[in-house]
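Welcome, and thanks for taking a look at this one with me. Here are some notes to read with the structure open beside you.

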Amino acid sequence: MSEKFDDFLREQLLDPQFREEYEALQPERALMQVLIDARKEAGMTQKELSEITGIAQGDISKIEKGNANPSIRTLQRLAKGMGMTLRLEFVPRSGVSQ
């Protein structure tokens, strides 16, 4: 990301309502980034991953852009296509007592 965007984001995050919405989208942003990172680590293009998994390249693109909500089964197929295993975790939120 550019410095201008980072500065803009920092400014926007000062607004409590914006911050709440931004933080609520963290899981989606994390999924997008780990998929992109895993695919690149595997040395694959979206097209190559599509050919291996049978998932349309356009659908992979939508997932990576955050414009789709993939099922666990789809994520498993993507992971397998990259020679990886899907692992999901539930972790305690910091600052929340149990």
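The points below go through the core, some helices, the salt bridges and the surface.

1. A word before we start: please keep in mind that this is a predicted model.

2. Let's begin inside. The largest nonpolar core has 10 residues in all: Leu35, Ala38, Met44, Leu49, Ile55, Ile60, Ile63, Leu75, Leu78 and Met82. Helix H3 (26–41), helix H5 (57–65) and helix H6 (72–81) each give at least two residues to this core. As background, nonpolar side chains tend to be buried together in soluble globular proteins.

3. Not counting residues up to four places away in sequence, leucine 49 touches Arg39, Met44, Ile60, Leu78, Gly81 and Met82. Of these, Met44, Ile60, Leu78 and Met82 belong to the largest nonpolar core along with Leu49.

4. Now try serine 50, which sits in helix H4 (residues 46–53). Is serine 50 buried or exposed? Serine 50 counts as buried because its relative accessibility is 14%, and the cut-off for buried is under 20%. Its side chain reaches the backbone nitrogen of glutamine 57 at 3.2 Å. Leaving aside neighbours within four places in sequence, serine 50 is in contact with Ile55, Ala56, Gln57 and Ile60.

5. Aspartate 15 caps the N-terminal end of H2, with a side-chain oxygen 3.0 Å from the backbone nitrogen of glutamine 17.

6. How many salt bridges does a search of the whole structure find? The search finds 4. One of them joins glutamate 23 to arginine 19, with the closest N and O atoms 3.3 Å apart. These two are 4 residues apart in helix H2, which means about one helical turn separates them. Both partners are partly exposed: glutamate 23 has a relative accessible area of 46%, and arginine 19 has a relative accessibility of 36%.

7. Another salt bridge pairs aspartate 7 with arginine 10, and their closest N and O atoms are 2.5 Å apart. Because aspartate 7 and arginine 10 are 3 residues apart in helix H1 (residues 3–12), they too are separated by about one helical turn. Aspartate 7 counts as partly exposed at 41% relative accessibility, whereas arginine 10 is exposed at 51%.

8. The salt bridge between arginine 39 and glutamate 64 has its closest N and O atoms 2.6 Å apart. Arginine 39 lies in helix H3 and glutamate 64 in helix H5, so this pair ties together parts that are 25 residues apart in sequence. Arginine 39 is buried, with a relative accessible area of 9%. Glutamate 64 also counts as buried, at 7% relative accessibility.

9. For a sense of distance, look at arginine 29, a residue of helix H3. Arginine 29 is partly exposed, with a relative accessible area of 29%. From C-alpha to C-alpha, arginine 29 and glutamate 51 are 25 Å apart in space, and 22 residues separate them in sequence.

10. Finally, turn to the surface. Ile72, Leu86 and Leu88 make a nonpolar surface patch of about 260 Å². Leucine 88 belongs to the segment after H6. With 57% relative accessibility, leucine 88 counts as exposed.

How values were computed: Residues are numbered from 1 along each chain as its sequence is written. This is a predicted model: local features need pLDDT of at least 70, side-chain atom pairs count only at pLDDT 80 or more; totals for chains, interfaces and linings use all residues. Side-chain values use heavy atoms; hydrogens and water are left out. A polar contact is a pair of N or O atoms within 3.5 Å; within protein, one must be able to donate a hydrogen and the other to accept it, and residues adjacent in sequence count only if both atoms are side-chain atoms. Buried means under 20% relative accessible area, exposed over 50%, partly exposed in between (1.4 Å probe, protein chains only). Contact means heavy atoms within 4.5 Å. A nonpolar core is a set of buried Ala, Val, Leu, Ile, Met, Phe, Trp, Tyr and Cys residues joined through side-chain atoms within 4.5 Å. Patches are made of residues with over 30% relative accessible area and no salt bridge: like charges are joined within 9 Å, nonpolar side chains (Val, Leu, Ile, Met, Phe, Trp, Tyr) within 5 Å. Accessible areas come from the Shrake-Rupley method with a 1.4 Å probe; for residues, only the protein chains shown count as cover. A salt bridge is a side-chain nitrogen of Lys or Arg within 4 Å of a carboxyl oxygen of Asp or Glu.
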